[in-house]
Every structure is written in structure tokens, then in C-alpha cells.
Amino acid sequence: MTESASPAFPALVAFDLDDTLAPSKSPLPRPMARALSELLAVRPVCIISGGRFQQFISQVLERMPADAPLGNLHLMPTCGTRYERFTGEGWHEAYAHDLDAAERDQAIASLEARAKQLHLWEPDDIVTGPRVEDRGSQITYSALGQNAAVDAKKAWDPDGSKREALRAAVATDLPDLEVRAGGSTSIDITRKGIDKAYGMRALSEQTGIALHDMLFIGDRLQPGGNDHPVLTLGVPCHAVTGPDDTLEYLHRLIPSLRAGKPADLELLLSA
């Protein structure tokens, strides 16, 4: 557990997306969209995820209420290598840190070769959607395809051993890039040092809000999880088990923030 000394804590609430706000690659449930809109009315909110911006549009923005105060929403696709803000006339990309063409080609080649070598390149007839996706600032391998069913993804690698074997093999090919396990079936490749901790540091720089005054909510805060770098950075964190758990937590958090009372740290923090 990490504590904050600020009486206004949290000054900003940040979330992972898949399996925290919504099931993997699925749209926000309507109750979650309403809760996020209510939270945006009292605090800035950031969503940071390995997905590309188009995924944020379909999973989040198209589900938000028409009157949601989007000016308070910060979006950080591909683990913060991109940063999007709403200007009133649409979404504006404040920055993007793309891989160069040679780096992207090397990453794609390694993913395919190593997945085949480890027998993790699944047959075409069970893969749904893109298997390897070039997101500009990130290359992502999804073993069952980007559009695979949530239940199938959960069943593919329940203990994480397949992802870790592939991650370790690809990392030996790409020593100058960051290779990490992403979602339940995915491997993400970015520039060295790019992870959710990088994104949170960038968010602090962009907003002027100190890291210890933020609250991060995610489902993979354990060592090896793709949310864990945020915890090691010293950002106060709350662990959830899935979207239903997150929604229940927000139903406790929002009234406290709306009342303007200092938040109860024992209520807010667990990791």
C-alpha cells in the first residue's frame, strides 16, 4: 500500500482499460460509462492502455454519455507513447513517440519466428482479427487475434507461462527495445523504457499533478503484470479483479470526492 499526504487526494484518477474498465477488447458496460462520466465531473481522469487510439474510440468514447465532460479526460494509447486530449472540436494528439520502420520490421519478424519456434503461432482457423499489429509506437502480438472471444483469451494462457516464454525469446532478438507481456494473450514491443510508468510520468509532466497525488486503478498490479510498473513508480494504487469490482469501488469513491471530503486511504488503496 502506498499513501499520499495530500488532503485533496486523489487529484487525478487513472485507469487501465482491458479487464479493469471493460472486458478485454470489449465496449464499456453502460453502468461503467455513467460512473466514469460522474467521476469526470469531480476529478480529471486518465485511461492508459496498450491499445491504439481507435480501440479507445470503440471501447470508451462511443459509450460515454453525450453530456460527459470530456475536457477532463486524458487518453494514453500504447502505454503512454501517445497522448490525446479533447479540445472541444475533437481529439488532439499532443505527442507520439513512434518506432522507426526498421525497428518495427525487426519486431514483427522476431514475433512471428519465435512464436512459430515455440509452437505459439496458432492455426489460422482459430485466430480472429489481426495477429500482429503495427501501432506505430508499439508492435503487438495477439496469439488468438485482436478480436478473439474473451473466454478464449482467458483459457489460452491462464498461468502466463506461454507469454513469458515468448517475451523472453523475443527480448533476446531485440535488446534495444522493450518487450513485455501485455493482455491475456499479447506481447507488446516499444522503445526501451516505455511502459505504464513512462506514461504516468508523462501524464504528471503534462498536467502538473504530482505522481503521489494520483490514484491508479488496475487489474495487473502484481509483479510481472503490465500495471506493476505504476506501483513501483510510487503512484498510489488500488487493485481490482475486473470491471465489476472496479464499478463497485467507484460507487464508494465518487460520493466521497463529490462531498469534498478527504478520502479514506484505507478505502482507496490496496495493492
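Of the 271 residues of the chain, 54% count as buried, where buried means under 20% relative accessible area, exposed over 50% and partly exposed in between, computed with a 1.4 Å probe and protein chains only. The structure is a predicted model, in which local features need pLDDT of at least 70 and side-chain atom pairs count only at pLDDT 80 or more, while totals for chains, interfaces and linings use all residues. Residues are numbered from 1 along each chain as its sequence is written, and side-chain values use heavy atoms, with hydrogens and water left out.

## Overall form

The chain holds 9 helices and 11 strands; these are DSSP runs numbered from the N terminus, with helices (H or I) of at least four residues and strands (E) of at least two. Its radius of gyration is 18 Å, which agrees with the value near 18 Å for a compact globule of 271 residues. That radius is taken over C-alpha atoms, and the globule rule is 2.2 Å times the number of residues to the power 0.38. Along the principal axes, the C-alpha atoms fill a box of roughly 55 × 40 × 35 Å.

Among contacts with a separation of 6 or more, 62% join residues 24 or more positions apart; a contact means heavy atoms within 4.5 Å. The accessible surface comes to about 11,300 Å², and carbon and sulfur atoms make up 50% of that area. These areas come from the Shrake-Rupley method with a 1.4 Å probe, and for residues only the protein chains shown count as cover.

There are 27 positive and 38 negative side chains, with the centres of the two sets 2 Å apart. Lys and Arg count as positive and Asp and Glu as negative, while His and the chain ends are not counted. Each charge is placed at NZ of Lys, CZ of Arg, CG of Asp or CD of Glu.

## Residues in loops

| Residue | Relative accessible area | Class |
|---|---|---|
| Lys25 | 28% | partly exposed |
| Cys79 | 3% | buried |
| Trp121 | 24% | partly exposed |
| Lys192 | 53% | exposed |
| Asn226 | 15% | buried |

Lys25 lies between strand S1 (12-15) and helix H1 (30-40). Although Lys25 is not a glycine, its phi is positive, at about 60°. Cys79, in the loop between strand S3 (73-76) and strand S4 (82-86), also is not a glycine and has a positive phi of about 60°.

Trp121 sits in the loop between helix H3 (101-117) and strand S6 (132-134). Beyond its neighbours within four places in sequence, Trp121 contacts Glu112, Ala115, Lys116, Arg131, Val132 and Tyr141. Ala168 is 47 residues from Trp121 in sequence and 16 Å from it in space, C-alpha to C-alpha.

Lys192 belongs to the loop between strand S9 (186-191) and helix H6 (196-207). With neighbours within four places set aside, Lys192 is in contact with Pro175, Asp176, Leu177 and Glu178. The Lys192 side chain reaches the backbone oxygen of Pro175 at 3.3 Å and that of Leu177 at 3.5 Å. A polar contact is a pair of N or O atoms within 3.5 Å; within protein, one must be able to donate a hydrogen and the other to accept it, and residues adjacent in sequence count only if both atoms are side-chain atoms.

Asn226 is placed in the loop between strand S10 (214-218) and helix H7 (228-232). Not counting residues up to four places away in sequence, Asn226 touches Ala181, Gly182, Gly183, Lys196 and Arg220.
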